[in-house]
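This briefing sets out selected features of one protein chain, grouped by topic. Please read it alongside the sequence and the coordinates shown below.

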Amino acid sequence: MRARRPPGRHRRAGTPRVTYREVIAVREFRALWFGQGLSLLGDQLAQVALAVLVYDRTGSPLATAAVYALTYLPSIVGGPLLAGLADRFARRGVMLTCDLLRAALVAAMAVPGLPFWVLCVLVFFVVLLSAPFSAARAALLPEILDGDAYVMGSALQNMTNQAVQMIGFAAGGAMIAAMGPYRALALDAATFLGSALIIVSGVRRRPAPSRDGAKPSMWTMTKGGARLVFGSPKLRTLVLFAWLCGFYILPEGIAAPYAATFSTDAFPVPVITGLLMAAMPTGTVIGAFLFSRFVSPPRRLQLMGWMAMLSCAPLIVTALRPPLAVVLAAWVLSGVGGAYQLAANAAFVQAVPAERRGQAFGLVQSGLMAVQGIGILIGGFAAERLGPEPVVALAGIGGVTCAAVLTMMWTESRDKTARVRAQAAA
């Protein structure tokens, strides 16, 4: 039987825009979409389970934050070193291998009584394997969907990721309270097996991509990307806006010890931990929808600095030790402010030459993972001594201060660009 032609391929000009229904009708896209959603749901459940498990065993906010940070830090290594596997081997095979290896590693994590250091090593390698898997999936998607269909498929995957993150964190706490963290980790291992089964049955075999010509070394690409990004004041400011997330992501890393301050018989620590970890993704979905739907592109750039400050300012209220409802509302509002990343990303794409975007985005992504992981580690270290409430408030103060400085830099850069354009027009 002939393979179904992806929607969007060979469409004539003037034909109706590709719909979500048409994209979902493509079998291979459905396999990637369902497999991604299933494994991501298991990952969110596992993150809550790990936070609860480590805090129960150690009683240490630092240890809890350290394990949570391990879900970010391996990407710094895995991104540049392992993502290239998707260009050297068949991408379907890379995805299957990563899923099976992650299933085995997470199953080992589900063994009760595992030493803490072994648990950390397993977490590191599970996250490390996500780099080649994600690279293979991203490279495979344009082969399955083309043109407008690719845009629609990417948008659908992004919306699904946010929704799954909210559901996984919010429901994960209740599930862990009922089944325990070890069973939750076993369930996460099963989701990787389920993802592998979906890929085997839904994605057809393809040969490994060809390698035409010599490729520059990783060090050469890194130096070129660094010169491009940090040599331009505009790009440098946009990158720093992106890295500002290190401040407002920090509270997620100490959600379990923070939840312990609100724990009651009716609302145990796992339930509150899940609610806290789901608050910011919930706000992000709301903010992204409103910001993209009702704000024009030029206006988004004008509001970017104010939104960046909003992403951190609500966290300051935790210094007053408010009730849980107020904390959740503040974290949701912080997530709404995080929608400024849409404007920063769009401006960055437009400012970077098309032939250099891979290098630039690779550098920014590695830095993004680094600032989140390091921020969480610092937050855990500080919470060990000060408690979670003042640490979250300090993160908010630091974030607002940096956002204000970046806003002034961005305004100056935009004004300078406007003056140059006016002089050129005259």
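The chain contains 20 helices and zero strands. The model is predicted. Of its 426 residues, 47% count as buried. Among contacts between residues at least 6 apart in sequence, 84% join residues at least 24 apart.

**Helices α2 and α7**

- Helix α2 covers residues 27-58 and helix α7 covers residues 116-128; the two pack at an angle of about 160 degrees, with their axes 12 Å apart.
- Because angles over 145 degrees count as roughly antiparallel, α2 is described as roughly antiparallel to α7.
- The crossing in which α2 passes α7 is left-handed.
- On the α2 side, the residues in contact are Leu50, Leu53, Val54, Arg57 and Thr58, and they meet Phe116, Leu119 and Val123 of α7.
- Sorted by class, this contact of α2 with α7 comprises six nonpolar residues, one polar residue and one charged residue.
- Within α7, the buried residues are Leu119, Cys120, Leu122, Val123, Val126, Val127 and Leu128.
- The length of α7 agrees with expectation: at 1.5 Å a residue, its 13 residues should span 18 Å, and its end C-alpha atoms are 18 Å apart.

**Helices α16 and α17**

- The axes of α16 and α17 lie 7 Å apart, and the two helices pack at an angle of about 155 degrees.
- α16 and α17 are therefore roughly antiparallel to each other, and α16 passes α17 in a left-handed crossing.
- From α16, the contact draws on Met307, Ala308, Leu310, Ser311 and Cys312; from α17, it draws on Leu333, Ser334, Val336 and Gly337.
- By class, six nonpolar and three polar residues make up the contact of α16 with α17, and no charged residues take part.
- The buried residues in α17 are Leu324, Val327, Leu328, Ala330, Trp331, Ser334, Gly335, Val336 and Gly337.
- Ser334, Val336 and Gly337 of α17 are buried, and these residues also belong to the contact with α16.

**The loop between α16 and α17**

- Arg321 is located in the loop between α16 (297-312) and α17.
- The phi angle of Arg321 is near 55 degrees, which is a positive value in a residue other than glycine.
- With a relative accessible area of 54%, Arg321 is exposed.

**Ser195 in helix α10**

- Ser195 belongs to helix α10, which covers residues 181-202.
- The relative accessible area of Ser195 is 0%, so Ser195 is buried.
- Not counting residues up to four places away in sequence, Ser195 touches Gly35, Leu38, Ser39, Asp99 and Phe133.

**Val371 in helix α19**

- Val371 is part of helix α19, residues 357-386.
- A relative accessibility of 25% means that Val371 counts as partly exposed.
- Leaving aside neighbours within four places in sequence, Val371 is in contact with Trp243, Cys245 and Gly246.
- Val371 and Phe247 are 124 residues apart along the chain, and their C-alpha atoms are separated by 8.5 Å.

Note on methods:
Residues are numbered from 1 along each chain as its sequence is written. This is a predicted model: local features need pLDDT of at least 70, side-chain atom pairs count only at pLDDT 80 or more; totals for chains, interfaces and linings use all residues. Side-chain values use heavy atoms; hydrogens and water are left out. Axes are lines fitted to C-alpha atoms, for helices over the stretch in contact, and angles run from 0 to 180 degrees between N-to-C directions. Helices (H or I, at least four residues) and strands (E, at least two) are DSSP runs, numbered from the N terminus. Angles under 35 degrees count as roughly parallel, over 145 as roughly antiparallel, 65 to 115 as roughly perpendicular and the rest as oblique. A crossing is left-handed if the near helix is turned anticlockwise from the far one by less than a right angle, and right-handed if clockwise. Contact means heavy atoms within 4.5 Å. Ala, Val, Leu, Ile, Met, Phe, Trp, Tyr, Cys and Pro count as nonpolar, Asp, Glu, Lys and Arg as charged, and the others, Gly among them, as polar. Buried means under 20% relative accessible area, exposed over 50%, partly exposed in between (1.4 Å probe, protein chains only). The expected span of a helix is 1.5 Å times one less than its number of residues.
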